[in-house]
Amino acid sequence: MTITSSPSWAALGTHQKALAATHLRELFAREPNRVESLSLSFGGMFYDFSKQRVTAETLRLLTELARVAGVQERAERMFSGERINVSEDRSVLHVALRRSAGPFPSSQFDVMPDVIKTRLRMAEFAERLRAGKCIGHKGMPIRDVVNIGIGGSDLGPKMMGQALRSISHPALGVHYISNLDGAQLAPLLQTLDPRTTLFVIVSKTFTTQETMINANTARNWLRANLGDDLVSENHFAAVSSRPERAVEFGVSGDLVFPIWDWVGGRYSLWSAVGLALMIAIGPHAFDEMLRGAERMDEHFRTAPLERNLPVVMALIGIWNTNFLGASTNSVLPYNESLKYFPSFLQQLEMESNGKSVSIGGEAMDCATCPIVWGELGNNGQHAFFQLLHQGGRIVPCDFIAAARSDFPLPEHQEALLSNCFAQSAALAFGKNKDEVRADLENESMSAQEIADLLPHRVFAGNQPSSTLLMSSLNPGALGSLVALYEHKVFVQGAIWGINSFDQWGVELGKAVANRILPAIRDQELAKLLDASTQGLLSFARKHL
């Protein structure tokens, strides 16, 4: 039986019809304790979902849906090391990467010795480099670190590095390169000293096209500048499941850190993939980040469904997508340091749950992952918020902010937070005709002017949003934040009945690109491709 044929799903559909005509204004008016009953706290985190178009009854029905879908049982299967990634026959154990003690997941299948050994190796290397004891060219200490990766080997560490830049090492530059477009790497190389630059190549297979082309360019740049005196081992580290390939490239075996097949790329921030991040913020802060994630893991595993933060967040998304008909979800951080968080969530959510086939191979009979998009909220207010307020589409929003600024300036934080809170309120409650008319009358407008302007200044409101407020952007809170969204994605995948841990759509694009690459130069190979691609290649060939 699919989840959509369950009585719980039907009950939610009936409930939605009964609630459909009820505006958020009315819900707040008749529920004086609405915020208390529709909010959750965790550590230094407050999640207010009272502006979602839900009631206590909605939450009760959604929680029952999670029980029927076996969310808790499926979570235990993950935590026990079962191979829940069935299409690739792999365990899903990224939670082990932030465990503080073992054995885990069991004494028979204990991954913790390898995890802890790697974590200690990372910390030792990071401490040496931060102390100026890692030597580049002719005894000069490393001063710049460039992480070369893509997808999960880039987005997580880059996002977290930006989020924690207020505590980053003041004398070390840590940079991230992912794009094949030379416009990203070339300008960066112009600012670096090859004598004091270390490249960290992050690729599970050490064959990822984008990563290896950028890595080869970096090596050629070092050779061109340092000539025969280049000692390659002084300028490279690597993270890979194929250490022999990294050594063949020119990385010292002592500086190759492992990644395991039970860690998916978009869940790998906590592993050696986070090496550049650890170098930037230090092993102690990195460990605090792991502890924050571990606390969220424990909360997810033990808290009752109706008070379980990742579960409730996931259920709100299910309600918006499957019962209110929303096709997108906007992520709006009100903090400059979180500017990469929407991009990070795009991969985490859409690569995990952007599936139209169930875990058993059947076509899905309901919508799954919405399109995730977003921008810094304060910037978005002067761009796409117009559509949110008056575009006529339902676009659920996640507002995210920290109460304390990581870069405090007088008056800035209060104004920033007031904008965040104001936008969520305006989206929820809008402005009706009577209120607009009263405002226009106060401006001494004529009856005709009021009639002309009135339709343009009415705001329907009733736009659902949640606000996630943290005390500050400290490593522990950010670790909890990322783990929260990881488990949210897991819960939604469990309810929809899809495999959240494969990404065959990504693999298809890679395979097609590998077929097209040689055809750019070879016209005979191009003839084997479709007509559109041949036309594009013909134009590109003339202008390369």
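Helices (H or I, at least four residues) and strands (E, at least two) are DSSP runs, numbered from the N terminus.

The model is predicted: local features need pLDDT of at least 70, side-chain atom pairs count only at pLDDT 80 or more, and totals for chains, interfaces and linings use all residues. Residues are numbered from 1 along each chain as its sequence is written, and side-chain values use heavy atoms, with hydrogens and water left out.

## Pocket and cavities

A pocket is an open set of points on a 1 Å grid over the protein atoms alone, with protein on both sides within 12 Å along at least five of seven lines; a cavity is a set where a 1.4 Å probe fits but cannot get out, and lining residues have an atom within 4 Å of a point. Grid points are joined across faces, edges and corners, and a volume is the space filled by probe spheres set on the points.

At least two lining residues of the largest pocket come from each of helix 9 (209-226), helix 14 (341-353) and helix 21 (504-516). By class, this lining has 14 nonpolar, 18 polar and ten charged residues. Ala, Val, Leu, Ile, Met, Phe, Trp, Tyr, Cys and Pro count as nonpolar, Asp, Glu, Lys and Arg as charged, and the others, Gly among them, as polar.

Four cavities of 30 Å³ or more are present in the structure. The volume of the largest cavity is about 150 Å³. Its lining consists of 17 residues, with Gly317, Asn320, Asn329, Asp398 and Lys488 nearest the centre. Helix 13 (309-323), strand 8 (328-333), strand 10 (397-402) and helix 20 (475-496) each give two or more residues to this lining, and helix 13 has the largest share, five residues. The lining of the largest cavity divides into six nonpolar, eight polar and three charged residues.

## Helix packing

Two packed helices are described by the angle between their axes and the distance between the axes. Axes are lines fitted to C-alpha atoms, for helices over the stretch in contact, and angles run from 0 to 180 degrees between N-to-C directions.

| Helix pair | Angle | Axis distance |
|---|---|---|
| Helix 1 (residues 7-19) and helix 4 (residues 56-69) | about 165 degrees | 9 Å |
| Helix 7 (residues 155-163) and helix 14 | about 155 degrees | 9 Å |
| Helix 1 and helix 13 | about 75 degrees | 11 Å |

Helix 1 is therefore roughly perpendicular to helix 13 (65 to 115 degrees; over 145 counts as roughly antiparallel). In this pair, Trp9, Leu12, Gly13, His15, Gln16 and Leu19 of helix 1 meet Trp319, Asn322 and Phe323 of helix 13, where contact means heavy atoms within 4.5 Å. The contact has five nonpolar, four polar and no charged residues.

Helix 1 and helix 4 are roughly antiparallel. Their contact involves Ser8, Trp9, Ala11, Leu12, His15 and Leu19 of helix 1 and Glu57, Thr58, Leu61, Leu62, Glu64, Leu65 and Val68 of helix 4. By class, eight of these residues are nonpolar, three polar and two charged.

Between helix 7 and helix 14, Leu155, Gly156 and Met159 meet Phe341, Ser343, Phe344 and Gln347. This contact has four nonpolar, three polar and no charged residues.

Conventions. Parallel < 35°, antiparallel > 145°, perpendicular 65-115°, else oblique.
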